[in-house]
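Subject: Model with an RNA strand, handed over

Hello,

The structure is below, for you to look through when you have time. My notes come after it.

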Amino acid sequence: MAERRVRVRFAPSPTGPLHIGGVRTALYNYLFARQNGGDMVFRIEDTDSNRFVPGAEDYIIESFKWLGVEFDEGVSFGGNYGPYRQSERRDIYKKYVNILLESGKAYIAFDTPEELEAKRNEIKNFQYDASTRMSMRNSLAMPKEEVDRLISEGVQYVVRFKIEPNEDVHVNDIIRGDVVINSSILDDKVLYKSADELPTYHLANIVDDHLMEISHVIRGEEWLPSAPLHVLLYRAFGWEDTMPQFAHLPLLLKPDGNGKLSKRDGDRLGFPVFPLEWHDPKSGEISSGYRETGYLPEAVINFLALLGWNPGNDQEIMSMDELIKLFDLHRCSKAGAKFDFEKCKWFNHQYIQLKDNTELAQQMLVQMRAEGVDAPVEKVAKVIGMMKSRVSFVKELWDTCKFFFVAPTEYDEKTRKKRWKEESPAQMTELAEVIAGIDDFSIENQENVVMKWIEDKGYNTGIIMNAFRLAIVGEGKGPHMFDITEVIGKEETIARIKRAVENIK
RNA sequence: GGCGCCUUCGUCUAGUGGCCUAGGACGCGGCCCUCUCACGGCUGAAACACGAGUUCGAGUCUCGUAGGCGCUACCA
């Protein structure tokens with residue numbers, strides 16, 4: 001087989017926000033393109049003018065920008081194979097439709113949607129194909145003069161692909177192997193509508209993939225049943241030699257139950273199914289996005305990459321560069337994958353641990369300042385270093401770190417009951433005095449002095465430290481006590497102890 | 001209904017005829033670490049859809065059954 005430059009495309013319809021399943025499809029295309037030093041094309045398939053949703057195209061572009069999936073050419077990226085928006089390629093499709101018409105591989109049909117609907121109601125499993133087409137209103141069944149007359153009268157028509165029956169069509173799929181479908185079960189697909197002078201998906205797709213020199217079509221499994229039709233189209237055009245290789249990816253399924261993951265599942269389960277928050281222009285409805293929910297793009301990418309593919313070993317945390325190196329279409333699974341939000345959250349947790357503390361500090365400072373609290377970024381970063389192991393989202397950081405910057409105003413009920421003993425007020429008052437006497441407020445020295453005091457007095461370490469924690473933090477969690485006091489300082493430590501003694505009953 | 005695809009722990013998966021007493025990860029339970037909560041370490045429960053066949057030997061190959069999903073539009 002001749003060496004061919006790898007060129008793949010991601011070609012969504014601008015019918016709404018980009019579904020997370022679409023993101024994965026695009027990701028796999030991207031990984032494959034990068035690994036092979038090929039091109040990633042962004043094409044907009046807007047051949048159904050009725051379903052166009054304003055803003056969808058920009059949304060998709062912004063989503064990939066956030067996720068770090070880059071395109072080499074296409075809508076908004078330029079390139080030598082444009083235009084990349086199908087609605088701007090009318091003339092091109094018209095030309096190819098005519099080629100099919102002239103060679104007798106397609107024909108004109110006048111049946112209206114209503115007539116077809118009636119036919120389907122009338123005959124149980126009606127299909128517009130070799131067995132029925134001669135009884136329909138089309139250029140095969142009607143005299144030429146009549147066809148010409150109708151066209152000249154401006155009667156709307158469609159162009160249908162004439163599928164020859166009883167032929168086994170083979171699709172060689174990289175993931176699924178040889179898939180065979182008999183052409184008799186295919187219907188004479190509508191390729192073109194005179195009403196809007198636009199092709200349907202199938203024709204536009206084949207023409208564009210061919211003209212754009214696409215080498216591999218990596219798409220969702222929902223396209224597998226129409227793949228034989230596409231093979232037949234390539235053949236009809238005489239393009240079989242350069243037909244792209246197909247790879248049909250397994251679907252992303254609902255976390256609970258079965259079926260394709262849908263927009264509704266996100267709302268229902270309280271988790272996003274879109275990369276970015278989406279404001280529906282018609283309904284005004286808002287759907288949550290991964291970005292706004294606080295997911296890191298690296299985490300979303302990593303998680304998605306592993307939904308339907310794995311590197312063959314136990315490695316789970318992989319950067320985009322590593323994914324590009326390791327990705328392999330042959331290692332994609334065939335069965336649909338249920339979307340597990342818990343695991344996605346775990347990935348986010350992992351990536352927060354990997355993230356630079358100063359960078360996280362800058363993000364947390366935005367929240368802090370919004371609440372009227374400020375602090376040097378170095379100090380915030382230091383606190384985050386101690387605290388980030390206990391959060392899964394950046395936005396949780398402020399809540400868990402807050403006590404470092406703001407003294408507790410209330411004390412957790414449960415902890416108070418469990419940790420604040422009868423003797424605690426007296427002991428804490430004493431502790432405040434001990435701390436007041438410490439000059440070297442380093443973690444180590446504080447610990448030495450306090451522990452010595454506990455030992456000398458014969459106190460119970462747990463009782464002292466837990467009460468101390470309640471006084472400083474307001475609840476029973478957090479890093480080691482002296483790590484905290486070293487950050488908040490001696491005066492604040494003493495003030496908090498005193499306040500606790502006064503307020504905790 | 002027709003056609004196609006698929007089927008290993010609850011979930012994502014490893015597994016390409018003997019290395020499988022089926023491995024890892026998420027989640028869940030226990031223990032350890034410890035002044036608490038996380039992190040981390042150790043550990044437990046948890047799966048080859050079913051039935052035939054091929055073979056000395058089957059999670060792995062074949063067939064059948066069941067189930068799931070997808071497609072079946074002048075949507076993509």
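This is a predicted model: local features need pLDDT of at least 70, side-chain atom pairs count only at pLDDT 80 or more; totals for chains, interfaces and linings use all residues.

Residues are numbered from 1 along each chain as its sequence is written, chains are lettered from A and ligands numbered from 1 in the order in which they are written, and side-chain values use heavy atoms, with hydrogens and water left out.

Domains. Chain A is divided into domain 1 (89-215), domain 2 (355-396) and domain 3 (407-503); the bounds come from an automatic or database domain assignment. The centres of domain 1 and domain 3, taken over C-alpha atoms, are 80 Å apart.

RNA surface. There are 60 residues around RNA strand B, and Thr47, Glu316, Arg390, Gly476 and Gly478 come nearest; a residue is near the strand if one of its heavy atoms lies within 4 Å of it. By class, this surface has 21 nonpolar, 16 polar and 23 charged residues (Ala, Val, Leu, Ile, Met, Phe, Trp, Tyr, Cys and Pro count as nonpolar, Asp, Glu, Lys and Arg as charged, and the others, Gly among them, as polar). Among the elements that each supply at least two residues of it are helix H4 (113-122), strand E7 (177-182) and helix H19 (461-473); helices (H or I, at least four residues) and strands (E, at least two) are DSSP runs, numbered from the N terminus.

- The side chain of threonine 47 has an N or O atom 2.6 Å from a phosphate oxygen of RNA strand B.

Helix pair. Helix H13 (residues 357-370) packs on helix H14 (residues 377-387) at an angle of about 110 degrees, with the axes 8 Å apart. H13 is therefore roughly perpendicular to H14, a term used for angles of 65 to 115 degrees. The residues of this contact divide into 9 nonpolar, 4 polar and no charged.

Loop. Serine 76 is in the loop between E3 and H3, and its phi is near 75 degrees, a positive value in a residue other than glycine. Proline 83 also lies in the loop between strand E3 (73-74) and helix H3 (90-102). A cis peptide bond joins glycine 82 to proline 83, with omega about -5 degrees.

Regards

Terms used: Axes are lines fitted to C-alpha atoms, for helices over the stretch in contact, and angles run from 0 to 180 degrees between N-to-C directions. Angles under 35 degrees count as roughly parallel, over 145 as roughly antiparallel, 65 to 115 as roughly perpendicular and the rest as oblique. A polar contact is a pair of N or O atoms within 3.5 Å; within protein, one must be able to donate a hydrogen and the other to accept it, and residues adjacent in sequence count only if both atoms are side-chain atoms.
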